[in-house]
Amino acid sequence: MVRGQVTVAPITSAQLPSLPALWDEFREQSDLAIHGAEDVMRKAAAALEASQERVADGADPSYRLLVAYAGADAVGFASLSVHQHGVLTDASAVVVDAIHVSSSHRRRGVGTQLLRQPWCSPTRSARRTWR
């Protein structure tokens, strides 16, 4: 079982080009209107950079791209956004924009590990650990 051998980490926009095989497989298997790996990387990079600017200004991050690794190989990712729901409350929700696990690593707990990360929590204190 891969469960114990998979590590999950957030990545930066500079690391995005190291994941072309995952992007291509995601694009081929999804129903999303994505034209190619470059389009996915461009959108993710823009979201990551905007989130990093928020953190630099003292706000909570608004986006994370978590990547699952089996050894040195990237085998999955989860694209996560925080959305504020209330005007009069501090309530927020973490939305899974997309999750993808390489076909060679499915049904082994990789997706579960991606979603069990602290940043997937709707509580602000848990997400702050991933600044």
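Tutor: The discussion below takes up the sheet, a helix and a surface patch of this predicted model.

Student: Let us begin with the sheet. In what order do its strands lie, and what is the sense of their pairing?

Tutor: Strands of a sheet pair through backbone hydrogen bonds, either parallel or antiparallel. Here, 4 strands form an open sheet in the order β1-β2-β3-β4, and the pairing is antiparallel. Because β1 (6-10) and β4 (92-101) stand at the edges with a single partner strand each, one side of each has no neighbour in the sheet. On average, neighbouring strands are turned by 20° against each other, direction ignored.

Student: Over how many bridges do β3 and β4 pair?

Tutor: Strand β3 (residues 73-84) pairs with β4 over 9 bridges, in the antiparallel sense. S81 stands opposite V95 in β4.

Student: Which residues of helix α1 are buried?

Tutor: An α-helix has 3.6 residues a turn, so residues three or four places apart point the same way. In α1 (residues 20-29), the buried residues are L22, W23, E25 and F26. These residues lie on the same side of α1, because they cover an arc of only 165° around the axis. The exposed residues A21 and E28 are carried on the face turned away from the buried side of α1.

Student: Which residues form a nonpolar patch on the surface?

Tutor: The patch consists of V96, I99 and L115, which together have about 220 Å² of accessible area. L115 belongs to helix α3 (residues 110-115).

Technical notes: Residues are numbered from 1 along each chain as its sequence is written. This is a predicted model: local features need pLDDT of at least 70, side-chain atom pairs count only at pLDDT 80 or more; totals for chains, interfaces and linings use all residues. Side-chain values use heavy atoms; hydrogens and water are left out. Two strands pair if DSSP finds at least two bridges between them. Helices (H or I, at least four residues) and strands (E, at least two) are DSSP runs, numbered from the N terminus. Axes are lines fitted to C-alpha atoms, for helices over the stretch in contact, and angles run from 0 to 180 degrees between N-to-C directions. Buried means under 20% relative accessible area, exposed over 50%, partly exposed in between (1.4 Å probe, protein chains only). The arc is that of the directions from the helix axis to the C-beta atoms. Patches are made of residues with over 30% relative accessible area and no salt bridge: like charges are joined within 9 Å, nonpolar side chains (Val, Leu, Ile, Met, Phe, Trp, Tyr) within 5 Å. Accessible areas come from the Shrake-Rupley method with a 1.4 Å probe; for residues, only the protein chains shown count as cover. A salt bridge is a side-chain nitrogen of Lys or Arg within 4 Å of a carboxyl oxygen of Asp or Glu.
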